[in-house]
Amino acid sequence: MIYLILAIVVSIGIFLVFRFAGIYKLSPLPIVFVNYLIAILAALSTTRINQSVSESLSPGFYIASVIIGVLFMLLFLVVHQSTNSAGISITSAAAKLSVVFPVLLSFYIDSNDRLYPKKIIGIVILLVAFVLIVYSNGIQLKKKSLPVFPLLLFLGMGFVDSLIKLSQQIFIPEEAVSLFTLYVFSVAAITGFIFLLLKKKAHLLLNGRTILLGIVLGLCNYGSLYFIIKALNLNLHKPTFLDSSRIFMLTNLGVVLLSTLVGIILFRERLQRANYIGILLSIMGFYLIM
């Protein structure tokens with residue numbers, strides 16, 4: 001259970017970094033670039049590259065890693081925009097409720113997964129919860145177009161998570177999961193560096209706060225993946241522990257609830273009644289699809 005809690009805490013750290021970046025008026029691009037450099041170093045420290053495994057990988061493995069890596073970079077920029085316009089609570093909810101997309105995909109590509117009435121109701125409830133959570137009427141926010149970035153994040157994260165699930169099912173053998181993660185982080189870093197050059201923002205890497213937030217973001221980014229894997233591995237050795245689907249759902253639910261508390265307490269984010277109803281519905285929806 002400790003790994004599950006740590007996964008939730010470090011996931012919240014990702015949103016906090018972008019919130020502080022907005023407060024200090026720092027460009028998100030160099031922060032995200034530094035983040036992926038740190039994530040690569042962390043991944044290298046835990047990845048053993050097996051030459052025979054590398055040689056047996058299909059072209060789809062590399063194509064998927066490139067697409068997902070580029071999207072990772074772009075989505076982190078969306079997270080920054082959403083966090084600083086809509087707040088931590090709404091942004092985290094938009095990111096985590098996107099789980100409905102890979103869940104739906106899993107029913108079609110995974111023979112071990114079954115779609116039954118309880119899960120269908122749960123998915124519908126999560127979609128309704130998302131609409132209520134990003135509902136902005138009456139909230140004092142910077143832009144009237146608030147739902148745009150949470151909506152982009154919701155759809156983007158849903159697409160990426162679905163692509164990861166599809167890739168895992170078809171292109172990624174179990175012994176190459178760590179290598180795939182390393183490739184994805186590397187592509188994301190290269191994409192970020194290209195963006196830095198095109199936008200002429202490479203000099204911003206000399207900013208101390210940018211480097212510090214980038215390091216923290218990289219550790220949180222890698223840590224969220226590392227602790228989830230540790231929790232899943234623990235499940236292999238303890239049959240009474242939560243199964244994989246419940247681990248993912250509880251992590252997402254924990255991030256939504258804790259980020260809401262953090263947003264309200266630390267940043268005085270003001271939520272409307274509809275937002276609170278959406279959060280309560282998300283709890284019900286996660287429970288039903290577990």
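Student: So helices here are DSSP runs of H or I, at least four residues, numbered from the N terminus. Which helix is isoleucine 5 found in?

Tutor: Isoleucine 5 is in helix α1. Bear in mind that this is a predicted model.

Student: Is isoleucine 5 buried, exposed or partly exposed?

Tutor: Partly exposed, as its relative accessibility is 44%. The cut-offs are under 20% for buried and over 50% for exposed, with partly exposed in between.

Student: And which residues make the nonpolar surface patch?

Tutor: Met1, Ile2, Ile5, Leu6, Val9, Leu258, Leu261, Ile265 and Leu266 make the patch, which is about 830 Å².

Student: Which helices supply at least two residues each?

Tutor: α1 does, and so does α11, which is 244–267.

Student: OK, switching to rings. How many aromatic pairs are there?

Tutor: The count comes to 14, taking ring centres within 6.5 Å as a pair. One of them is phenylalanine 18 with phenylalanine 76: the centres are 5.5 Å apart and the planes are at 80°, so this pair is edge-to-face.

Student: Why edge-to-face?

Tutor: Because the planes are at 80°, and anything over 60 degrees gets that label.

Student: Which helices do those two phenylalanines lie in?

Tutor: Phenylalanine 18 lies in α1 (residues 2–23) and phenylalanine 76 in α4 (residues 59–86), so the pair ties together parts 58 residues apart in sequence.

Student: Is phenylalanine 18 buried or exposed? And what about phenylalanine 76?

Tutor: Phenylalanine 18 is buried, at 0% relative accessible area. Phenylalanine 76 counts as buried too, at 10%.

Student: What about tyrosine 36 and phenylalanine 185: how are their rings set?

Tutor: Their planes are at 45° and their centres 5.9 Å apart, so that pair is tilted. Tyrosine 36 belongs to α2 (residues 28–46) and phenylalanine 185 to α9 (residues 177–198), so the pair links parts 149 residues apart in sequence. Tyrosine 36 is buried, with a relative accessible area of 1%, and phenylalanine 185 is buried at 3%.

Student: Which residues do ring pairs link into a cluster?

Tutor: Tyr3, Tyr222, Tyr226 and Phe227 are linked that way.

Student: Last one. Which ring does the charged end of lysine 118 sit over?

Tutor: The ring of tyrosine 287, with the charged end 5.2 Å from its centre.

Student: And arginine 209, what is under its charged end?

Tutor: The ring of tyrosine 24; here the distance to the ring centre is 4.1 Å.

Conventions
Residues numbered from 1 in each chain as written. Predicted model: local features only at pLDDT ≥ 70, side-chain atom pairs only at ≥ 80, totals over all residues. Heavy atoms only, no water. Phe/Tyr/Trp six-rings, centres within 6.5 Å; stacked < 30°, edge-to-face > 60°. Buried < 20%, exposed > 50% of the residue type's maximum accessible area, 1.4 Å probe, protein only. Lys NZ or Arg CZ within 6 Å of the ring centre and 35° of its normal. Patch = residues over 30% accessible without salt bridge, like charges linked within 9 Å, V, L, I, M, F, W, Y side chains within 5 Å. Areas by Shrake-Rupley, 256 points an atom, 1.4 Å probe, with all protein chains shown as cover. Salt bridge = Lys/Arg side-chain N within 4 Å of Asp/Glu carboxyl O.
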